[in-house]
Amino acid sequence: MSGLLLLLGWLLVGRVIASSPRFADGSTVIVDGREVDAGALMDLLGEQARDDVLRSGSIAFLCVVAAAALLAWTITGRVLQPVHDVTDAARRLSAESLGERLRLDGPRDEVAELADTFDEMLDRLQAAFESQRRFVANASHELRTPLAVIRTELDVTLADPDADVAELRRMAGVVRAATERAEQLVSALLLLARTDGLGLAVREPVDLNAVVESAWRAARPEAEERQLRVSFLTAPAPAVGDPALLERIAGNLLENAVRHNVPGGWIEVRTEGGPEWTSLRVSSSGQLIAPDRVEELFEPFRRGGTDRTARTGTGLGLSIVRAAVAAHEGQVHATAVPGGGLSVAVHLPSAPHGKLV
């Protein structure tokens, strides 16, 4: 643009000189005491004017270019500095540096929004990494217990030269029970890993009442042994999802309601369908749970609130329920029952009416 202005100025000066009044041919003028041809003088003045414009304009052009470059470099550096900060933070990002945040100050423009979004992403990543670390630590601890029992029983029995058949059978029973516990834990871990954060491999219409009935067959013998009163309040409940995972959801809720109940307690199972959501609610009596600690029950290896020493179950039941419900794009929440116990409600997408097969 500056070069174009310089060219226009040079042309304009030439046109002004060319259009100025001219002396008659042969006229002369006195310059510094000397007689000079008027026409030659006008041509010389025109060339000198154009040269002055070109010289001064070139200097001004270079100054404008230098100033524009300096201004652009300064402004660009200030504007793009937050972007450079985001880039540098992304390059430094690792599992050990997830605590870093940009916390960009200044005007709330698009760059600031980008920095805030990056900080929010780091918050989610840090929470996920910390959750995985806790999960691995808890899983290692839980798996170490049955393995330690097996090794202790084997070492003690083998160290006894007088061990008879009865002692060997007792040792085999303990080892078998510990092995079954480890197998249950590994199976639960694999199921949790398969459902946590992953989509569904199978999505088809499912009758939630049939799923609950199938899951209850496995939990019924223990419920009868503990003399629990069970009531089913069912209504048409069409859902959409993986039948195996839905049965695991119902089975875990019923198993928890039985195992964490009190002798002679009660269980209530309620199903209900709607145009958009189908719900399953399992409520039961049990030990008293503080309302502010109910959410902890969905964390891995939590049994009956915060007890990690219980001998029944793996402590992954409600964790699997939450992961499986999330895979179905549903919702799950729990509330403490006044006087003791827990009520867990699961909401799943409904199947279109008449689509069940």
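The dialogue below treats the nonpolar core and then the salt bridges.

Modeller: This is a predicted model, in which local features need pLDDT of at least 70 and side-chain atom pairs count only at pLDDT 80 or more, while totals for chains, interfaces and linings use all residues. Residues are numbered from 1 along each chain as its sequence is written, and side-chain values use heavy atoms, with hydrogens and water left out.

Colleague: How many residues does the largest nonpolar core have?

Modeller: A nonpolar core is a set of buried Ala, Val, Leu, Ile, Met, Phe, Trp, Tyr and Cys residues joined through side-chain atoms within 4.5 Å. Buried means under 20% relative accessible area, exposed over 50%, and partly exposed in between, for a 1.4 Å probe and protein chains only. Here the largest such core has 34 residues, and Ile249, Leu253, Leu280, Val282 and Leu342 have the most contacts inside it. At least two core residues come from each of helix 5 (208-225), helix 6 (243-259), strand 6 (266-273), strand 7 (277-284), helix 7 (317-327) and strand 9 (342-349). Helices (H or I, at least four residues) and strands (E, at least two) are DSSP runs numbered from the N terminus.

Colleague: Which residues is Leu280 in contact with, leaving aside neighbours within four places in sequence?

Modeller: Contact means heavy atoms within 4.5 Å. Among the partners of Leu280 are Leu208, Val212, Ala250, Leu253, Val269 and Val344, and also Arg270 and Thr271.

Colleague: How many salt bridges are there by the rule in use?

Modeller: A salt bridge is a side-chain nitrogen of Lys or Arg within 4 Å of a carboxyl oxygen of Asp or Glu. The count comes to nine. One of them joins Asp155 and Arg151, at 3.7 Å from N to O; both residues lie in helix 3 (residues 110-159), four residues apart, about one turn of the helix. Asp155 is partly exposed at 44% relative accessibility, whereas Arg151 is exposed at 61%.

Colleague: Where do Arg217 and Glu213 lie?

Modeller: Both are in helix 5, four residues apart.

Colleague: What is the distance between the closest N and O atoms of Arg248 and Glu255?

Modeller: In that salt bridge the atoms are 3.1 Å apart. Arg248 is partly exposed at 29%, and Glu255 is partly exposed at 23%. Elsewhere, salt bridges with shared partners link Glu153, Glu167 and Arg170 in one network.

Colleague: Is Glu153 buried or exposed?

Modeller: Glu153, in helix 3, is buried, with a relative accessible area of 16%.
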